[in-house]
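Hi everyone, thanks for coming. Let me put the structure up, and then I'll walk you through it piece by piece.

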Protein chains: 2
Amino acid sequence: MPLKKSPLAPAAFPSFPEIAGVRFACGNSGMRYKSRDDVMLAEFAPGTTVAGVFTKNSMPGAPVDWDRKILSNGTARGLVVNAGIANVFTGTAGVRTVEETAAAAARLLSSTPEQIYIASTGVIGDPVPTEKITGLLPRLAETLSADGGETAANCILTTDTFAKGAVGTARIGETEVTIAGFAKGSGMIAPDMATMLAFLFTDAAIPANALQSLLSETNEKTFNCVTVDSDTSTSDSVLLFATGQADNDLPESYDDVVLHDFKRALKDVMTNLAQQVARDGEGASKFITVTVTGAESDASAKTIALAIANSPLVKTAIAGEDANWGRVIMAVGKSGEKADRDRMSLKIGGVLIAENGGRASSYREEDVTPYMKGREIEIEVDVAVGSGSAFAWTCDLTHGYIDINADYRS
Amino acid sequence: MPLKKSPLAPAAFPSFPEIAGVRFACGNSGMRYKSRDDVMLAEFAPGTTVAGVFTKNSMPGAPVDWDRKILSNGTARGLVVNAGIANVFTGTAGVRTVEETAAAAARLLSSTPEQIYIASTGVIGDPVPTEKITGLLPRLAETLSADGGETAANCILTTDTFAKGAVGTARIGETEVTIAGFAKGSGMIAPDMATMLAFLFTDAAIPANALQSLLSETNEKTFNCVTVDSDTSTSDSVLLFATGQADNDLPESYDDVVLHDFKRALKDVMTNLAQQVARDGEGASKFITVTVTGAESDASAKTIALAIANSPLVKTAIAGEDANWGRVIMAVGKSGEKADRDRMSLKIGGVLIAENGGRASSYREEDVTPYMKGREIEIEVDVAVGSGSAFAWTCDLTHGYIDINADYRS
């Protein structure tokens, strides 16, 4: 299934730095993709702390169950990711797959299985040929390399059209630390979580409980603002590994002022990756930012923003480069949230289109026609009932989405 | 925009009977569609009772506001429907359009404006050229005819590819009464309400309050089970007019046993129309029935059924004739409703595919492959936590949907 690279992709994958204490290796299992790597092993130095956030779908895959269970240990020594089969709705066989994979990796990395994280994406319900993963791991363990980040970012993809990476640096006290991460996902993407898989690595030393608070908070304003098709995956996982090799002063807690700059950098990296996921939405030709203000609360604003961002009619209109703004009004109304029809206002590309219950008298459609032909579309709605605000990132709904999804397994 | 007739359409429009006390007339206003009728006037005999149910979208059009306001009067003398411009988000001008239209029709039908119902569908936000409607009404009033039902059913269409009619008869006591109705709608269709417009006419004599209970109850199990694209329209209205000309014994209340057969017939007619709406879903190539059992409650079952029926990934898989059942599992999980992953079961076309948390051992994909190529797809899910049940009707998501909606206004 050769997919054309999304026109919204960044110019290039970033120069992916080595993170002290992290090594990668990739290989082909032959389980689904024949001519590319599809299994990734990452090794973390002893003492690495870990944080994770996972899908809220009530049918999570066996890897999500596993990761959730071991997360309370707070430390990680390895990560195994496979692409092509999701190990979801696979019953006790799926649980065994995870246990055997963790055990095999643990032996190779001199770890316990409870320090090995697992993630899988791909077809739901198909059984996983476990030995194709476990049989590959010894060779991967021999080829672990600190400079394998970009290869790893490619290895975990499924219907993605480009690898998604982001890099940042921050100071913790006097020490400069690095954060680098990659993500995959382009369909079955909706909050909570919004991406399918994202892995973040830093050489910073941060206690696990503080790391978890950092990740959970930042996730709300990044990956949980992305939607492609409103379908919440059963596999979504974001994991943040901190190797501690930078030897910075250990923050006392999440609130420690020493973490201020790290929070900024983490948010930048996660924002970058989350936007790339929407930019690689299946069939995407436009990147859409929806901003809602004046809502009853931030949560209400987010519900409205997602109602707009998930509306097939809004998304097809944008695909058609049509400023059919009435559909945005419809989506606000279907959200079920409080909005004042007769006082709300709507802008597209900064142009005031509607206010006071009707079309703005200043509005001429030709004012936004050229804007609609662009790659980046901004929709701003003020619902005029309060001060809550939120945003959502999404993409348009095109023939490409149908092509990819009507024919995914064949 | 010539659209090919849906392959799911019934063989023919039903023979539409004259309903004593109802007359129709249609004409072209020239406001949007140039070469077909787009305004319908219906006249009802004095004493006609009326019931209505409307969209729950919080941005309703001016016609919905108007109908809601006058519904408590309980009687109707006329109905004016236009296609092409929805009169939604049109501010005070839209309110004037409705008031002037009702006043003009009332003068012609020797009625009060508060007995004239209005419905409009089409583009949201465009101003309505009121005089194109009111200027046409005198001519329509002169051509009112009892046999104009099929013409009227065609006149109200927008992106529909076929007119949707249904007819039934029932006994109230010793008297045979007729129910006939037509509906329009094929996109921006989701509960509540599920259709855009449906009008039902009967010669039965039924008090307005009983009529309202009949309509509201039946609507829950018919139009409110249809979804095409999860986008809830701002115009959805279902109106039921009872002229009383059949001169049956007047039921005392909704609970009167004399209404038993009428309830059955009304449900048959509304079921028929509701299914036709899904069969004319924009771009539809398959009609899908989702049945959910074993839920915590009927309401929970309906939420799950709609999560499946609205999932773009489920709908594109069916368009691709792909039994990608894992996406159904995903949709159950994203619904947020209680379901037992490790005990639930799933059938497609009656074939058991999944049970006890995994693929059924008896399942072979070739067992459903021929079935997926058919026009009618049945999905049955038992979520194994209780005894609640519900169903939903929808259609697949195809290139046709994108074609129609990326280019609707041009």
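Let's begin with a word on strands: two strands pair if DSSP finds at least two bridges between them. Helices (H or I, at least four residues) and strands (E, at least two) are DSSP runs, numbered from the N terminus. Before going on, some housekeeping: this is a predicted model, where local features need pLDDT of at least 70, side-chain atom pairs count only at pLDDT 80 or more, and totals for chains, interfaces and linings use all residues. Residues are numbered from 1 along each chain as its sequence is written, chains are lettered from A and ligands numbered from 1 in the order in which they are written, and side-chain values use heavy atoms, with hydrogens and water left out.

So, which residue stands opposite A:Val50 in strand 9 of chain A? The residue opposite A:Val50 is A:Phe241. A:Val50 belongs to strand 3 of chain A, and strand 3 is joined to strand 9 (residues 237-242) by six bridges, with the two running antiparallel.

Stay with strand 3 for a moment. I'll call a residue buried under 20% relative accessible area, exposed over 50%, and partly exposed in between (1.4 Å probe, protein chains only). Six of the six residues of strand 3 (residues 49-54) of chain A are buried, so the strand is largely enclosed by the rest of the structure. On one side you have A:Thr49, A:Ala51 and A:Val53, and on the other A:Val50, A:Gly52 and A:Phe54.

Strand 3 also has helix 1 packing on it: the buried residues of helix 1 of chain A pack against strand 3, helix 2, strand 5 (116-123) and strand 9 of chain A. Those buried residues of helix 1 (residues 62-70) are A:Ala62, A:Pro63, A:Val64, A:Trp66, A:Asp67 and A:Ile70.

Now to the aromatics. A pair of aromatic rings is described by the distance of the centres and the angle of the planes. Here, rings of Phe, Tyr and Trp (its six-membered ring) pair if their centres lie within 6.5 Å; planes under 30 degrees apart count as stacked, over 60 as edge-to-face and the rest as tilted. How many aromatic pairs does a search of the whole structure find over all chains? The search gives 24. One of the edge-to-face kind is A:Phe182 with A:Phe199, at 6.1 Å centre to centre and 75° between the planes. A:Phe182 is in strand 7 (residues 175-184) and A:Phe199 in strand 8 (residues 197-202) of chain A, so the pair ties together parts that are 17 residues apart in sequence. A:Phe182 and A:Phe199 are both buried.

Over in chain B, the ring centres of B:Phe201 and B:Phe241 are 5.9 Å apart with planes at 15°, so this pair is stacked. It links strand 8 (residues 197-202), which holds B:Phe201, to strand 9 (residues 237-242) of chain B, which holds B:Phe241, 40 residues apart. B:Phe201 and B:Phe241 are buried as well. Back in chain A, one aromatic cluster has A:Phe182, A:Phe199, A:Phe201 and A:Phe241 among its members.

Charges meet rings too; a charge sits over a ring if NZ of Lys or CZ of Arg is within 6 Å of the ring centre and within 35 degrees of the ring normal. The charged end of A:Arg32 does this over A:Tyr33, 5.5 Å from the ring centre, and that of B:Arg279 over B:Phe287, at 4.1 Å.

Next, a sheet in chain B: an open one of six strands, in the order 13-12-11-14-10-15, with mixed pairing. Strand 13 (358-359) and strand 15 (388-395) are at the edges with a single partner strand each, so one side of each has no neighbour in the sheet. Inside the sheet, strand 10 (residues 287-295) and strand 14 (residues 376-382) run parallel, joined by seven bridges. B:Thr293 has B:Asp382 in strand 14 as its bridge partner.

A:Phe89 has a positive phi of about 55° although it is not a glycine, and A:Phe89 lies in the loop between strand 4 (78-85) and helix 2 (91-109) of chain A. Is A:Phe89 buried or exposed? At 3% relative accessibility, A:Phe89 is buried. A:Asn356, also not a glycine, has a positive phi near 50°, but at 53% relative accessibility A:Asn356 counts as exposed.

Methods. Contact means heavy atoms within 4.5 Å.
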